[in-house]
Amino acid sequence: MVMEERSCHTANRVGDVQMGNGHKRGRSEDSSSNNVSIGVETDKQDMLSNKAQKKWVFGKCVNLSAVDAPCFKEMMTVDGGQMGLESSDCHDLNGWRLQDALEEVQDRVEKIKESWAITGCSILLDAWVDQKGRDLVTFVADCPAGLVYLISFDVSDFKDDVTALLSLVNGLVEEVGVRNVTQIIACSTSGWVGELGELFAGHDREVFWSVSVSHCFELMLVKISKIRSFGDIFDKVNNIWLFINNNPSVLNIFRDQCHGIDITVSSSEFEFVTPYLILESIFKAKKNLTAMFASSNWNNEQCIAISNLHLGYVYDTMDSIKESIAREFNHKPQFYKPLWDVIDDVWNKHLHNPLHAAGYFLNPTAFYSTNFHLDIEVVTGLISSLIHMVEDCHVQFKISTQIDMYRLGKDCFNEASQADQITGISPAEWWAHKASQYPELQSLAIKILSQTCEGASKYKLKRSLAEKLLLSEGMSNRERQHLDELVFVQYNLHLQSYKAKLSEEIDVYKD
């Protein structure tokens, strides 16, 4: 019953938000041409100012009452005073400007939804327990065209009922479109989320289930740190790092030895990486540390960026990590095997699903390389993905035949398989531009290779908004609708800006 009430109320949030009557500010007209000219210019400035203010306030999920604060108005006066621009007040932002923003966001959401039929999408699940002890969850849809906030739920009353949880997720998948949803990516392996994941893994379902790659890396690193021999290393390294950084005189000696560079560790959005960043920093500074203790001088600084993996790369990347570990230990099994066991355990239990193997096979960068390895796991994953994602048996047969052409590099794949045709283009884009001769295989490949491996927590949605939305007892229907629209606008604008920021960072990294 709880699920039905929530679904009914929030169904519009997925893409059918009902628009209000659009209380937009009226414009007065003047018959004077000069006045019209001045009025048009003023309107242009006003529109630019309004749009920027809306995007900033709603996109940053700012408490709307903050805009009435004297300091905010002073800031806006300094920023826009020379053009005669006025800042919005709380009443405007809760009224006609919210409706304007809602319309703009809704238009963008509709465009993203239209792309799902081609690229598919991944539903990202972000679950947490708030300060009131409630079990809450937010769902976000991710695809190459952008991210869409779908819905938030309070599952406290039925978190122990796996059947009810399954019904909740299935209902959401049906609302988005079963054929549009390629996979669900969870944020955790414990609690009700873990139980739901086990249920998905144990049944033959149309939608695949996986766990966020960053959370799986966290599980691996935490388990490795608990291995006795490695745990001792981390403890000793941490003691060295703390000793240096907590003693100014010692730190100065180290800086003198290393020309003023600090032995600091770059901040990371993933806390579980910090011990490894410290270890890397200390290891790189090994010679300087030795010199410091020998001659009273020291340092070095290292930064490690955690890159996000897309589905076409994760399978090959995990193998590369294992090979790298074996190499570091001179291929001595007694040293690298414990680490391999940890990686395999997390991979098999939580991260891996057939899509990863299919993505590896369909990624031309991997497939047409000399290092490509076709084993039973890859073949099984490809077949499983094909059967799950394509209902029509005749289309399945067509794709099987087309896969042979891809495998042998024939027809359109002859030239397209050359290195210069693969470099500098994403796997999904490669299929979109190079494989139109085989539309059935092309469609399957694009849907698989367009998926992410990361979860919703990466996008740092402000959870307090969902918490307020789900604590609506005593609100009138109108108040709740207003809050519902506000959350829809703020979350989707935030996701839009965050996605753009990540794209810029990736472009800078490529350059």
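In this predicted model, five strands form an open sheet in which the order is β3-β2-β1-β4-β5 and the pairing is mixed. Strands β3, covering residues 146-154, and β5, covering residues 208-211, stand at the edges with a single partner strand each, so one side of each is left without a neighbour in the sheet. From one strand to the next, the twist averages 25 degrees. Further inside that order, β1 (residues 121-129) and β4 (residues 181-186) run parallel and are joined by four bridges; I123 has I184 as its bridge partner in β4.

Around this sheet one can turn to the chain as a whole, which contains 24 helices along with the five strands. Of its 511 residues, 45% are buried, and the chain exposes about 26,900 Å², of which carbon and sulfur atoms supply 52%. Among the contacts in the chain with a separation of 6 or more, 70% are between residues 24 or more positions apart.

In soluble globular proteins, nonpolar side chains tend to be buried together. Here the largest nonpolar core has 96 residues, and those with the most contacts inside it are F139, L150, L362, F413 and W431. Taking W431 as a point of entry, and leaving aside its neighbours within four places in sequence, one finds W431 in contact with L362, P364, Y406, F413, L441, Q442, A445, I446 and L449.

Technical notes: Residues are numbered from 1 along each chain as its sequence is written. This is a predicted model: local features need pLDDT of at least 70, side-chain atom pairs count only at pLDDT 80 or more; totals for chains, interfaces and linings use all residues. Side-chain values use heavy atoms; hydrogens and water are left out. A nonpolar core is a set of buried Ala, Val, Leu, Ile, Met, Phe, Trp, Tyr and Cys residues joined through side-chain atoms within 4.5 Å. Buried means under 20% relative accessible area, exposed over 50%, partly exposed in between (1.4 Å probe, protein chains only). Contact means heavy atoms within 4.5 Å. Helices (H or I, at least four residues) and strands (E, at least two) are DSSP runs, numbered from the N terminus. Accessible areas come from the Shrake-Rupley method with a 1.4 Å probe; for residues, only the protein chains shown count as cover. Two strands pair if DSSP finds at least two bridges between them. Axes are lines fitted to C-alpha atoms, for helices over the stretch in contact, and angles run from 0 to 180 degrees between N-to-C directions.
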